Amino acid sequence: MTSFALPATFSDAPQFLARLQEIHPEFACVTKLQSSDGPMAQAFSWKERTFANRWAIHPMEGWDGTVDGLPTEDTLRRWGNFGRSGAALIWGGEAFAVTPEGRANPHQLHQGSHAEVLQGLQELMAALRAGQGEAGLQPKQSYVGLQLTHSGRWARPSATQLSPRTMMRHDFLDDKVGIQDDSALLTDAELADLPQAYADAACLAEQAGFDFVDIKCCHGYLLHESLAAHDRPGPYGGPFENRTRLFREIVHAVRQACPALDLGVRLSATDTLDGGFAEASEFLSLLESLEISWVNLTQGSPYYCSHLQRPAAFPPSDGIPPTEDPLHAVWHHLQVTRALKKKHPKLIFLGTGYTYLQDYLAHVAEYEVGEGFVDFVGIGRMVLSYPEMPQDHLAGRPFVRKKICRTFSDCTTGPRNGMRSGCYPLDPEYRSREEAKKVRELRPKRKG
Ligand SMILES: Cc1cc2nc3c(=O)[nH]c(=O)nc-3n(C[C@H](O)[C@H](O)[C@H](O)COP(=O)(O)O)c2cc1C
Ligand code: SF4
């Protein structure tokens, strides 16, 4: 078992800074938080809007919608908590599947053939706005998007089996989802139908009051895989022009259908810790040429490199134990984001991978935004365990240590084993549930 010091064990920020600099001399944090006078409290102006702060919430689904794709009490509570965070940017809320067969699980929110979808989206917005109200945030000080997805290879619309739909054959990934022949490949005709489904979902989001939609290109799902379809013959594979065709067709269809709606893109910039990300820059240039300004940078996939996608001290039931200090993965997120922001200064960047920093998350956030390395700092798991963290930070209140996410990964282990997601160890609402015990038993045993 690799040993490393958990962030909570550092006695103060200077000691933590020393550890960061052992990892890389440019990996740094502030040693004293500036809170309301600091970079995270700086307003951000874009078009006619002024955002109240630089905190953002990443999309996070809970595997807790109805089978018709509508929100439940748990879904609404989570969206309320996203609002209560006081973060000015709500990036996507959670992945919303544009077709029922594009769901990653039977309980994913999705656009079905039923009339209530719009009402479901309106309920999500109402829950979010109520939370923002509690945090003292006006709608016009914030920016709220819905993440649109098709799960592609990771589609699982029924509880019993994966129903992968892929862009290409791939030895390793085909093995992971039990593909043995070409039958899971999406045809060109099937792909050509998808932009309309995205456009329909985008219009529903606009009607429900969302400011933008995120055309999700990350984490191994369909549009991320399409960018990697080097060996696919025909119009959707091979050269960059073809691999970005589906994405461009979707952007075009959404713009035609709802021209006033803004667009953003969540992109996995690389899949490996030592991987290059040259093509990510080419893709960002494409976004600039399409006049898409908002980018949420992430890395990897929860299915084949969760240690990179969600740096954690304790792996989920299908993950691998850390082979090095997870701070290395955090640094990789920061480094890639810094490099791409430097190359594309006109794009507005939201960074990922901060939750593992735990007690020192805000120290690193202030440093990164203060240096202009990123525009917004996004939090994922931390908002499940400690929704008020951004507010506490901006108000200069000390953090509530027992609410800080310790990256136990139970929120991933739950859904991997057919249960809802939630912060079972730290959120009192989930701690008392029957599933909490089951999830604890499923935690991988620590060896050594
Ligand atoms: C329970 C759970 C659900 C998630 N759902 C989504 C999702 O719907 N869309 C998405 O782009 N990322 C999703 N993610 C990834 C997060 O947005 C985020 O990238 C990841 O947790 C790393 O950020 P963090 O270190 O702040 O947690 C999910 C993560 C978790 C833990
Ligand atoms: S279950 Fe809670 S503590 Fe564990 S990783 Fe998820 S949010 Fe963090």
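**Note on the predicted model**

1. Ser 35 is placed in the loop that runs between α1 (13-23) and β1 (44-46); helices (H or I, at least four residues) and strands (E, at least two) are DSSP runs, numbered from the N terminus. Its phi is near 45°, a positive value in a residue other than glycine. Ser 35 counts as buried because its relative accessibility is 11%, where buried means under 20% relative accessible area, exposed over 50% and partly exposed in between (1.4 Å probe, protein chains only).

2. This is a predicted model, in which local features need pLDDT of at least 70 and side-chain atom pairs count only at pLDDT 80 or more, while totals for chains, interfaces and linings use all residues. Residues are numbered from 1 along each chain as its sequence is written, chains are lettered from A and ligands numbered from 1 in the order in which they are written, and side-chain values use heavy atoms, with hydrogens and water left out.

3. The chain contains 17 helices and eleven strands. Its C-alpha trace spans about 60 × 55 × 45 Å along the principal axes. A compact globule of 448 residues would have a radius of gyration near 22 Å, and the 20 Å of the chain agrees with this; the radius is taken over C-alpha atoms, and the globule rule is 2.2 Å times the number of residues to the power 0.38.

4. Of the 448 residues in the chain, 61% are buried. Among contacts with a separation of 6 or more, 72% come from residues 24 or more positions apart, contact meaning heavy atoms within 4.5 Å.

5. Leu 263 belongs to strand β8 (residues 262-268). Leu 263 is buried because its relative accessible area is 5%. The C-alpha atoms of Leu 263 and Val 213 are separated by 5.2 Å, although the two residues are 50 residues apart along the chain. Beyond its neighbours within four places in sequence, Leu 263 has contacts that include Phe 212, Val 213, Ile 292 and Trp 294.

6. Helix α9 (residues 278-289) has twelve residues and reaches 17 Å from its first C-alpha to its last, close to the expected 16 Å; the expected span is 1.5 Å times one less than the number of residues. Buried residues in α9 include Ala 280, Phe 283, Leu 284 and Leu 287. Glu 291, which follows α9, has a positive phi near 60°.

7. Thr 407 is not a glycine, yet has a positive phi of about 55°. Thr 407 lies in the loop between α14 (389-394) and α15 (410-416), and is buried with a relative accessible area of 1%.
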